[in-house]
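Subject: Structure handover

Hello,

The structure we spoke about is below. My notes on what was found in it follow.

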Amino acid sequence: MTELLIRYPQLSLCKEDILKAADAMEACYKAGGKILLCGNGGSAADCEHISGELLKGFLSQRPLQYDDRNKLYEVTDYDEATAMANKLQRAVPCIPLTSLSASITAFANDVDPNMAFAQLTYALGSSKDMLIAISTSGNSENIVNALKVAKAMGMTTVALTGNKATTECSKIADITIHAPASETYLVQELHLPIYHYLCAEIERRVF
């Protein structure tokens, strides 16, 4: 956190909420849960970016544990199992809902586009999981609906928004990280170091 605040001192305003989000991610992982991610436009790209850091090594290699290596020896020969085990990396289970384009467009066409992420949250989530919802305005209807469904299912909810004190997202989310900016592109510029910190921190804590 110290390094993050040296590079982005303005994030000291949301330091406590960033740390709460890191704690929630750690708790989710240790409970055997997964992280669902949703956002629109640039925030959708952020969801994909986050998943890229969580589903493989980010700042470290995350080598397989002994038990997982042994499972590979049960299904193939020693040399191949060793080679595979040396390449595989431990992961934080997560799903960027934004990547499920067929489901999103089908539901948007057949039912309601503003409920597409809510539907995927309902279909894929459980009470052990958490939802990270990204909205620069904090008021995107489809993101708010996903948060409501996640909350109803007992999931931990984190909203990543801009500096407005109260938004529709912040009214629902357990934790809201208010990036201290109001223009969309400036909010997005601050979201990146925030989620990079979160990805690095969860990696440091659990691997």
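I start with the cavity lining. Helix H10 gives the most to the lining of the largest cavity, with three residues. Please keep in mind that this is a predicted model.

The structure holds one cavity of 30 Å³ or more. The volume of the largest cavity is about 60 Å³. Its lining is made up of Met25, Ile50, Ile132, Val158, Leu160, Ile177, Tyr195, Leu198 and Cys199. Two or more of the lining residues come from each of E4 and helix H10, the latter spanning 184-206. Sorted by class, the lining has nine nonpolar residues, with no polar and no charged ones.

In what order do the five strands of the open sheet stand? The order is E2-E1-E3-E4-E5, and the pairing is parallel. At the edges are strand E2 (94-96) and strand E5 (175-178), each of which pairs on one side only. On average, neighbouring strands of this sheet are turned by 15 degrees against each other, direction ignored. In general, strands of a sheet pair through backbone hydrogen bonds, either parallel or antiparallel.

Strand E1 (residues 35-39) and strand E3 (residues 130-134) run parallel and are joined by five bridges. Within this pair, Gly39 stands opposite Ile134 in E3.

Two helices lie against the sheet. Helix H8, residues 141-152, packs on the sheet and touches E1, E3 and E4. The direction of H8 makes about 165 degrees with that of E3. Helix H2, residues 15-30, lies across E1, E3, strand E4 (156-161) and E5. Relative to E5, H2 runs at about 135 degrees.

Last, a note on one glycine. Gly42 is in helix H3, which covers residues 42-54. Is Gly42 buried, partly exposed or exposed? Gly42 counts as partly exposed because its relative accessibility is 34%, and partly exposed covers the range between under 20% for buried and over 50% for exposed. Ile134, the residue opposite Gly39, is 92 residues from Gly42 in sequence. In space, Gly42 and Ile134 are 9.5 Å apart, C-alpha to C-alpha.

Regards

Conventions
Residues numbered from 1 in each chain as written. Predicted model: local features only at pLDDT ≥ 70, side-chain atom pairs only at ≥ 80, totals over all residues. Heavy atoms only, no water. Pairing = 2+ DSSP bridges. Helix = DSSP H or I, 4+ residues; strand = E, 2+ residues; numbered from the N terminus. Axes fitted to C-alpha atoms, helices over the stretch in contact; angles between N-to-C directions. Contact = heavy atoms within 4.5 Å. 1 Å grid on protein atoms, 1.4 Å probe; cavity = no way out; pocket = protein on both sides within 12 Å on 5 of 7 lines; lining within 4 Å. Points joined across faces, edges and corners; volume = space filled by probe spheres on them. Nonpolar A, V, L, I, M, F, W, Y, C, P; charged D, E, K, R; others polar. Buried < 20%, exposed > 50% of the residue type's maximum accessible area, 1.4 Å probe, protein only.
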